[in-house]
Amino acid sequence: MTPLTRTRIAALVLIGLVLLGLAYVKLATAEETVSVPKGALVLVSPYVAGRDPRYWQEPAEFIPERWESQSVKEAGQKNIYFPFGGGVRRCIGESFAWTEAILLLATIAQRWTFKPVTVPKLEPRITLRPLNFCARAERR
Ligand code: HEM
């Protein structure tokens, strides 16, 4: 695996697993393909969609290589992966976030490795966060 691929995967993992929103609320502004009454509040969960066994093999497993056979774009078009939302209100910072995540990870990971000291629990807020997670940083 080339370093670039490794970095890309790391960024995907970051966005896909760490920052993936648990759920967020959308306000229907018009009736679309499914019948949703105008004004209804629709709860969509990237967390649930990302762990649905109908769409993902071994959905609960940490398999970053799954992105080698299906791109983020493809998964987004199928509406099974939507960390940045979708439609006209899709996140306007997505490109910036990708660039930032890849640069940050590349900068940090070329100098440091991290060994977990505690097993993280997930704290569901607007995004999923590790709770009481501790890791030891070691210089490469
Ligand atoms: C990993 C980082 C990020 C994630 C996971 C993320 C995720 C999201 C999500 C899920 C939405 C709602 C989309 C929808 O309603 O369908 C959103 C909207 C938005 N995001 Fe982000 N975002 C990220 C970074 C950023 C950054 C860096 C910026 C600005 C520099 C930004 C600016 C916005 C704005 C302005 C909206 C509202 C767009 C609208 O309502 O028209 N986001 N984002």
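Which residue in β6 is the bridge partner of proline 116? I will come to that after a few ground rules.

This is a predicted model, in which local features need pLDDT of at least 70 and side-chain atom pairs count only at pLDDT 80 or more, while totals for chains, interfaces and linings use all residues. Residues are numbered from 1 along each chain as its sequence is written.

First, the inventory. The protein has five helices and six strands. Helices here are DSSP runs of H or I with at least four residues, strands are runs of E with at least two, and both are numbered from the N terminus. Read from that end, the order is α-β-β-α-α-α-α-β-β-β-β.

Now the opening question. Alanine 135 in β6 is the bridge partner of proline 116. Strand β3, residues 112-116, pairs with β6 in the antiparallel sense over five bridges. To count as paired, two strands need at least two bridges found by DSSP between them. A residue is buried if 20 or more other C-beta atoms lie within 10 Å of its own, exposed if 12 or fewer, and partly exposed in between, with C-beta atoms placed from the backbone. Across the protein, buried residues make up 6% of the 140 residues.

Next, the other pair. Strand β4 (121-124) and strand β5 (128-131) are antiparallel, with four bridges. They form a hairpin, with three residues between the two strands. One of the bridges joins glutamate 123 to arginine 129 in β5.

On to the loops. Most residues other than glycine have a negative phi. Which way does glutamate 58 go, positive or negative? Its phi is positive, about 45°, and it is not a glycine. Glutamate 58 sits in the loop between α2 (46-49) and α3 (66-69). It counts as exposed because it has 9 C-beta neighbours inside 10 Å.

Asparagine 79 also has a positive phi, near 60°, and is a residue other than glycine. Its place is the loop between α4 (72-77) and α5 (94-109). Asparagine 79 has 12 C-beta neighbours inside 10 Å, so it counts as exposed.

Last, contacts. Two residues are in contact if their C-beta atoms, placed from the backbone, lie within 7 Å. Of the contacts between residues at least 6 apart in sequence, 50% join residues at least 24 apart.
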